[in-house]
Amino acid sequence: MDALHYFAMSWLSPELLGLTALGTFLGIYVGAIPGLSVTMAVSILISFTFAWDVNYALCLMVGVYMGGVYGGSRTAILLNIPGAPSAIATALDGYPLAKKGLAGEAIGLSTVMSVVGGFVGIIVLALAAPTVSEFAITFQPRDYMMLGILGIMLVGSLSGGSLARGIFAGALGLLIGTVGLDPMTAEERFTFGVVELWDGINPVAVMIGMFGISEALHQLHHMNKAVIKQKISRVIPKWSDIKKYMPLSLQTSFIGVIVGALPGTGGDIAALMAYDHAKRVTKNPKVPFGEGAKEGLIAPEAANNAAVGGAYIPMLTLGIPGDAVTAVFIGALFIHGLNPGPLLLIEQPHMFWFTVGNLTLANIFVLIFGLTGIKLFSKIVECPKGILIPLIFLLSIVGAYAINNAITDIWWMLAFGVFGYFMRLYGFPVGPVILGVILSSLTDENWRRAILSERGSISDLFINLFHSPLSTVLFSVIVLILFTQSPLWTRWLKRKLFHETT
Amino acid sequence: MSSQSPFIKTRKPGERIFCLLMVMGSVYLFWQSYAISGFSSFSSPGAFPLAASATMVLASCVTFLNTLKLPAAENVRFVYHCFPPIVAVIMALILIYSVVLESLGFVLSSFAFLFVSIQFLYRRSVLTTLTISLLALIVVYIIFRLIFQVVLPEGIVPEREILSSIKSLWS
């Protein structure tokens, strides 16, 4: 009964309801406007909302997240520019549909299926999280340490480019997270005798720099992209279409939840896998894939929204973010004094049910805003970059200042912004940096707990690792990733594939 | 992250130098990690930074060696493709804005920043830019200062007095 009470909290309070609606609305536009990302928006929002009551802040940010994942599909369909990475697969069939003059229908169908996916994700979250968190209590410190490392490695290896660059970025993040007084012994680490550094580098400043400033600086390279306008017909989809595609949408939703729940994989990979699945199971599509098949539109859309619920499972039960957006989210939870991890569901079950209720509400708002306001939408998306980019800079700087009312945070933010710009330029992913910063203290503390429980003996730690099935699995996965990315393996694979094709 | 190409076959100008700088930076950080508590024990405060920075050294060396093998990208110049003037100008503007933010105050410095950067990037008439930046500033001010109650540097503009006098007009 309590759970239901907390679930309905954001539904009954007009302020919370309003903030969720506002967040979802903002999220749809942030997701839709190319150059603005959900990660960027949530990073900046943290700095503005951290003085708020936690419930208010969460409502707004959950709305932005849910709306943002959906919003990317709009520009993918209308302009062939995915507004967010999770909408890359949507553009494959969505844009051809728009070119045929079916933009309205495509938007309507993708909205409904996104919402279906969103609900599947939320239901799985509500059912699975309590069980996962019970299981998570049995985790040893070494398991947490390995989960942290695994998360960073997966994000590093999956964000494109080489694993070495991903690992470099992740390790850099871990190191940034250790700056300041050591939480266990209060010894100074990387403080260079500067008292201001005792509290460490504010993770929000790093986030805004890496995702706000550096992303916006990169947008300056593409200032002259022309926008093609599309005519939009009726948006409310046909009931027969919804009925027809429902089974596929449910299937791909489950793919989305599972992929979303794995550390390191988020909506973008879920969407691509779902697209692939749809291609395989649709035997005789009315229109071939890539030329405007509705199956190819709804599969990624259902999957990427389902991945949101999935991503919340490891985030709330283990405190391990799955990707950059959830890393930023965990940062927000920490700032509000919540401790995501296995104890969250036991100590603060109201927070869990509140979040579930909130996600559900945001999902309903996606349906409402998704099927209305198309005219306003096409106006806002046409907002020229020349105006948009200066505003991003303004908000980033003001946001960095607002965290502590300190000019120092602006300098950190700018330094990481410029550094992030060059990292992106030379193919280093920035996602693992944020993941590293967020996971640094968790990994550090658990490493030391693990080694202390073995009385400082690393060989005992290694041997005892194999006494627990969970630790063994985690350890093997880490070794497997390292191995499969090494040149030895790729050479072997290439030879094998070469033989098969000839 | 979406702006990156998944497979880098050629190297961009400056990539080798950047990677070399990363190697040097990693080595420096490794040395700094060593300075925390040396190799005293596996559970010392310096153990984790040592492991992380050692990983950085290793990963940056691998990356650097890989870039040495790659051929340079053709027709790509640092000044045009990697660090075009537009980026440099905007970076400079942001820097100036951050420097004067506290002394001039949010309202004045932000207005100046918006006006100059929008004029530079959007290139319309001065009047248009003036209107856009003024409108944008008002919206940002209302949302963040008045609704979100974010504390912003006041600087030389007596904001509070102006606000209270506006309030007293209403009452």
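Axes are lines fitted to C-alpha atoms, for helices over the stretch in contact, and the angles between them run from 0 to 180 degrees between N-to-C directions. In the predicted model, helix H6 (residues 88-99) of chain A and helix H7 (residues 103-136) of chain A pack on this basis at an angle of about 145 degrees, and their axes are 7 Å apart. The crossing in which H6(A) passes H7(A) is right-handed. On the H6(A) side the contact is made by Thr90(A), Gly94(A), Leu97(A) and Ala98(A), and on the H7(A) side by Ala103(A), Ala106(A) and Ser110(A). Four of the residues in this contact are nonpolar, three are polar and none is charged.

H6(A) also packs with helix H5 (residues 54-79) of chain A, at an angle of about 50 degrees and with the axes 6 Å apart. Angles of 65 to 115 degrees count as roughly perpendicular and those under 35 degrees as roughly parallel; H5(A) and H6(A) are therefore oblique to each other. H5(A) passes H6(A) in a right-handed crossing. The residues that meet are Ser73(A), Ala76(A), Ile77(A) and Leu78(A) from H5(A), and Thr90(A), Ala91(A), Gly94(A), Tyr95(A), Leu97(A) and Ala98(A) from H6(A). Classified by residue type, the contact of H5(A) with H6(A) comprises seven nonpolar residues, three polar residues and no charged residues.

The contact of H10(A) with H20(A) has eight nonpolar residues, with no polar and no charged residues.

Between the chains, the contact takes 58 residues from chain A and 56 residues from chain B. On the side of chain B that touches chain A, two or more residues are given by each of helix H1 (15-37), helix H2 (47-69), helix H4 (85-104), helix H5 (106-122) and helix H6 (126-147) of chain B. H2(B) supplies the largest share of this side, eleven residues. By class, the side of chain B that touches chain A has 39 nonpolar, 14 polar and three charged residues.

Chain B is divided into domain 1 (15-80) and domain 2 (105-170). The centres of these two domains of chain B, taken over C-alpha atoms, are separated by 43 Å. An unreviewed UniProt entry places the feature "domain: DUF1468" at residues 19-153 of chain B. This span is 79% helix and 0% strand, and its end C-alpha atoms lie 38 Å apart.

The UniProt annotation "transmembrane region", also from an unreviewed entry, covers residues 17-34, 46-66, 78-97, 103-122 and 129-148 of chain B. Residues 103-122 of chain B are 95% helix and 0% strand, with the end C-alpha atoms 28 Å apart. For residues 129-148 of chain B the chain is 95% helix and 0% strand, and the end C-alpha atoms are 26 Å apart.

How values were computed: Residues are numbered from 1 along each chain as its sequence is written. Chains are lettered from A and ligands numbered from 1 in the order in which they are written. This is a predicted model: local features need pLDDT of at least 70, side-chain atom pairs count only at pLDDT 80 or more; totals for chains, interfaces and linings use all residues. Domain bounds come from an automatic or database domain assignment. UniProt positions are given in the numbering used here, feature names are shortened, and annotations may be inferred rather than shown by experiment. Helices (H or I, at least four residues) and strands (E, at least two) are DSSP runs, numbered from the N terminus. Angles under 35 degrees count as roughly parallel, over 145 as roughly antiparallel, 65 to 115 as roughly perpendicular and the rest as oblique. A crossing is left-handed if the near helix is turned anticlockwise from the far one by less than a right angle, and right-handed if clockwise. Two residues are in contact if their C-beta atoms, placed from the backbone, lie within 7 Å. Ala, Val, Leu, Ile, Met, Phe, Trp, Tyr, Cys and Pro count as nonpolar, Asp, Glu, Lys and Arg as charged, and the others, Gly among them, as polar.
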